[in-house]
Structures are given as structure tokens and as C-alpha cells.
Amino acid sequence: MPDSAPPSSPNPPPSGREVFEILAREHADMLAAYLRTLVYAPDVIDDLFQETMLVAWRRLQDFDKSRPFGPWLRGIAANLVLEHRRRSARGVMCCDPEVLEAIDRRFTDLSRFAGDSFRDRAGRLRHCLARLPDKLREVVELAYARGLLLKQIAESLSASEEAVKKRVQRARESLVLCLSTTGGDA
């Protein structure tokens, strides 16, 4: 006797939780990098990252599926950074709405490269960082990875703040040049 039950789908559609987990994993590196551009205190970055993901999960039904997830997630993060700044300026580098908007535009521009994941771009950035002269790489490490202020960097290097500022500027210019070339091989 033939089975009268409808054939079951081999792959049922993913649940909302599964979709969120996929999107969160796919955008975690981007979100962490975005927060690092705004906040220098590692514990604050971690807290804001977790809070962003919690808010995104709670508001998932508000997400417009016809739009990209990354900008929506960054918008939540930006609002949380601004809120953190109002409560306590601790650990936050910049919070002007114009700066937040410019940074978000840059992240949006980065996401437009077809077939190029955030991890791929981060790998190219690591490659370009490795090619910097030691003095430039050192200030990038101190300013961005460790979150030191220019004054602190100058003291640790026994250099003037102006010299450190110039090194950071030259490092940025070198990184932009390297990243703008095919595969970062400048």
C-alpha cells in the first residue's frame, strides 16, 4: 500500500534563530572591526559587541530582509556607542554622528566587492601591515590594537606627539596605497 503522506522536504527552511546565527557569524568580524574604529577599550568593545548582537536578536523582526544585514547591525552598534558615550566617555574615541556616518559608508564600500569576504579584506590588511616599516607598524599596533592615545605612544617611544602623529598618518597612507592595489601588493 503506497504511503499517502506528503513527501518531506530534505532541507526544511532555516528557523529565525538559525538565520540569525548565520548572519551573526558572517558579520561578526565586520562588527568587531567597526567597534574597534570607535572604541579603544577592549572591555567596552566586547560589551558593545555583545549588546549589539542581543539588540539585533531582539529586533530581528524589524530587520528589512530586502536590505543588507551589515549596515543594519552597524546602525544598532552606532546607537549603542552613542548611548555609551552619553553615559560614560570611557573607552570611546569618537562619536560625532558625521564621523559614524562616514565610517559606516566606508564599511559599506568595503562590502561591495563581489566574492570578497570581510575575512579576505582583513587578510589583505594584515599583509599590508606586515609590509610597513617597523616604526610605522609599531605606531599602528600601539594606536589601534592596544588603543593608546598619541600622548601615551609618544611617551612609550620617547618621541614627540607630532612625530607620532606623522608616523600614524604615513602608516595610514601606506596602507591605503597597498590596499588599493590588486591584492594589496603595493
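**Notebook: loop, helices, disulfide**

I began at Ser 158, which sits in the loop between helix H7 (150-157) and H8. The model is predicted, so I noted its limits: local features need pLDDT of at least 70, side-chain atom pairs count only at pLDDT 80 or more, and totals for chains, interfaces and linings use all residues. Residues are numbered from 1 along each chain as its sequence is written, and side-chain values use heavy atoms, with hydrogens and water left out.

**Ser 158, continued.** I looked up the backbone next. Ser 158 is not a glycine, yet its phi is positive, about 55°. Most residues other than glycine have a negative phi. Is Ser 158 buried or exposed? Its relative accessibility is 73%, so I list Ser 158 as exposed. My cut-offs for relative accessible area are under 20% for buried, over 50% for exposed and partly exposed in between, with a 1.4 Å probe on protein chains only.

**Whole chain.** I counted eight helices and zero strands in the protein chain. Along the sequence the pattern reads α-α-α-α-α-α-α-α. The chain has 186 residues, and 33% of them are buried. I then checked contacts, meaning heavy atoms within 4.5 Å. Of those between residues at least 6 apart in sequence, 61% join residues at least 24 apart.

**H1 against H2.** I describe two packed helices by the angle and the distance between their axes. The axes are lines fitted to C-alpha atoms over the stretch in contact, with angles from 0 to 180 degrees between N-to-C directions. Helix H1 (residues 16-38) and H2 have axes that come within 10 Å and cross at roughly 150°. H1 and H2 are therefore roughly antiparallel. My classes are roughly parallel under 35 degrees, roughly antiparallel over 145, roughly perpendicular from 65 to 115, and oblique for the rest. On the H1 side the contact includes Phe 20, Ala 24, Ala 28 and Leu 31, and on the H2 side it includes Phe 49, Met 53 and Trp 57. By class I logged twelve nonpolar, two polar and two charged residues in the contact of H1 with H2. Nonpolar covers Ala, Val, Leu, Ile, Met, Phe, Trp, Tyr, Cys and Pro; charged covers Asp, Glu, Lys and Arg; the others, Gly among them, are polar.

**H2 against H3.** Helix H2 (residues 42-58) and helix H3 (residues 69-87) cross at roughly 125°, their axes within 9 Å. H2 and H3 are therefore oblique to each other. Among the H2 residues that meet H3 are Val 44, Leu 48 and Val 55; their H3 counterparts include Trp 72, Ile 76 and Leu 80. The contact of H2 with H3 has eleven nonpolar, two polar and one charged residues.

**Arg 74.** I found Arg 74 in helix H3. At 2% relative accessibility, Arg 74 counts as buried. Beyond its neighbours within four places in sequence, Arg 74 contacts Met 30, Tyr 34, Asp 104, Phe 107 and Thr 108.

**Disulfide.** How many disulfides does the whole structure hold? My search found one, taking cysteine sulfur atoms within 2.5 Å as the criterion. Cys 128 pairs with Cys 178, the sulfur atoms 2.0 Å apart. Cys 128 lies in helix H5 (residues 118-131) and Cys 178 in helix H8 (residues 161-180), 50 residues apart. The S-S torsion is -80°, a left-handed link. Both Cys 128 and Cys 178 are buried.

Technical notes:
Helices (H or I, at least four residues) and strands (E, at least two) are DSSP runs, numbered from the N terminus.
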